[in-house]
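Trainee: I would like to learn how to read a protein model, feature by feature. Could we look at one together?
Mentor: Gladly; here it is.

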Amino acid sequence: MRLRPLKTFFLAIACLSGTVASAAAIQTFTDEAGQLLYMIDDNGTVSMFENSPGTDVTLSVTRGTREQMRPQVTEVIPETIPVGSFAVLKLKGKNLVGASVKLSVPSIEVKPFAGKPKEMDIPIQVPLDLPPGEVTVEVTTPIGRATARFKTTDVKIGGDEGGKREDVVKHSGQGYGGDEGVMTLPTTAPIKCPPGMVGVASEGGGFCIEVDRTFSGDFRKADLACAANGKRLCMLSEWQAACKQAGTGRVKLKNMKGEWEWTAGFDIFQDDTQQDTRYFLMGKSDCETTHGTMRINAEKFVGRCCKNP
């Protein structure tokens, strides 16, 4: 069932009320796309809106006093992350819609993410030269602020024994493409993947990939579309492995060829006139050819997400 956009509903109520002072007393807070996140009425009641990404559909509304609607963080997963790792930091709690995040260590890069009412999946890149220690995460919404903490640790080499060498790979998740820090991943295809995804075997570790394209937009929207569902953009090598295995019938994927698809691959392009991030796409005609697009161009392409098992 499609719900009527609530921001349109409240706007209509304000217009019909005929009381300018009452309408003016209502405070609203929106995101960059203009979607309504929070509303405070003239009685001080706070309403928090969860919207479906990229649509005008409101999924849920939570109401309470200012104190009740302040953001809360009750759990951080994982609690430790090795330096030199890419990880998805999961924060669990309450009232996290539209939250921004600031880390006490500025050199840790925070990638695009989207907050849900009770959790946030925040992709971060921890520099290899960062000294181990405690990191404070500051979570802020228009209603208030909360803090959480995790620790960075030294790089771990090796791991648990067991398993054949050709069946597992150990890595620290360096670069875009690891859901956790140091881990041992089987190179075989995952047996279990989330709905709408299938497992793919890979020398860099088996992974899950969406069966078909699930979004369209520029790179920022592509990154957010995956992060909003606890997933990530596929690495170049992952997309290539999936494409080749789909071609031989080993995995059942749709529309792997015919249009350029986003990947997590990028480099820094520089010439005499400019320096900009260049993102790489694949899939127009085969499993090997790449196409680069500059961040400044904000071009729109289709894509699908990946996830570590």
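Trainee: Is Phe-301 buried or exposed, and what is its relative accessible area?
Mentor: A residue is called buried under 20% relative accessible area, exposed over 50% and partly exposed in between, with a 1.4 Å probe and the protein chains only. Phe-301 has a relative accessible area of 14%, so Phe-301 is buried. Trp-262, at 1% relative accessibility, also counts as buried, whereas Ala-225 is partly exposed, because its value is 24%. In the protein as a whole, buried residues make up 44% of the 309 residues.

Trainee: Before we go on, what kind of model is this?
Mentor: This is a predicted model, in which local features need pLDDT of at least 70 and side-chain atom pairs count only at pLDDT 80 or more, while totals for chains, interfaces and linings use all residues. Residues are numbered from 1 along each chain as its sequence is written, and side-chain values use heavy atoms, with hydrogens and water left out.

Trainee: What is the mean pLDDT of the protein, and where is confidence lowest?
Mentor: pLDDT is the predictor's confidence in each residue, on a scale from 0 to 100. Where pLDDT is low, the predicted coordinates should not be read in detail. For this protein the mean is 80, and 79% of the residues reach 70 or more. Confidence is lowest in helix H1 (residues 6–17), with a mean of 38, and highest in strand S22 (residues 301–303), at 96. The pLDDT is below 50 over residues 1–23, a stretch with 18 contacts in the model beyond near neighbours in sequence, a contact being heavy atoms within 4.5 Å. Over residues 157–182 the pLDDT also stays under 50, and there the model has 71 contacts beyond four places in sequence.

Trainee: How many helices and strands are there?
Mentor: Helices (H or I, at least four residues) and strands (E, at least two) are DSSP runs, numbered from the N terminus. The protein has four helices and 23 strands. Ala-225, for example, is found in helix H3 (residues 219–227); Ala-225 and Pro-112 are 113 residues apart in sequence, yet their C-alpha atoms are 9.5 Å apart in space.

Trainee: How many aromatic pairs are there, and which rings belong to the aromatic cluster?
Mentor: A pair of aromatic rings is described by the distance of the centres and the angle of the planes. Rings of Phe, Tyr and Trp (its six-membered ring) pair if their centres lie within 6.5 Å; planes under 30 degrees apart count as stacked, over 60 as edge-to-face and the rest as tilted. By this rule the count is five aromatic pairs. One of them joins Phe-219 and Trp-262, whose ring centres are 5.5 Å apart and whose planes stand at 75 degrees, so the pair is edge-to-face. Because Phe-219 lies in helix H3 and Trp-262 in strand S19 (residues 261–270), this pair ties together parts that are 43 residues apart in sequence. Phe-219 and Trp-262 are both buried. Trp-262 also forms an edge-to-face pair with Phe-301, with 5.4 Å from centre to centre and 85 degrees between the planes. That pair links strand S19, which holds Trp-262, to strand S22, which holds Phe-301, across 39 residues. Phe-219, Trp-262, Phe-266, Tyr-279 and Phe-301 form one aromatic cluster.

Trainee: How many disulfides does the structure hold, and what is their pairing?
Mentor: A disulfide is a covalent bond between the sulfur atoms of two cysteines. Here, a pair of cysteine sulfur atoms within 2.5 Å is taken as one, and the structure holds four. With the bonded cysteines numbered in sequence order, the pairing is 1-2, 3-7, 4-8, 5-6.

Trainee: Which parts does the disulfide of Cys-243 and Cys-287 tie together?
Mentor: The sulfur atoms of Cys-243 and Cys-287 are 1.9 Å apart, and the torsion about their S-S bond is about -70 degrees, so the disulfide is left-handed. Cys-243 lies in helix H4 (residues 236–247) and Cys-287 in the loop between strand S20 (275–282) and strand S21 (290–294), so the pair ties together parts that are 44 residues apart in sequence. Another disulfide is formed by Cys-226 and Cys-305, with sulfur atoms 2.1 Å apart, and its link is left-handed as well, with -95 degrees about the S-S bond. Cys-226 is in helix H3 and Cys-305 in strand S23 (residues 305–307), 79 residues apart, and both cysteines are buried.
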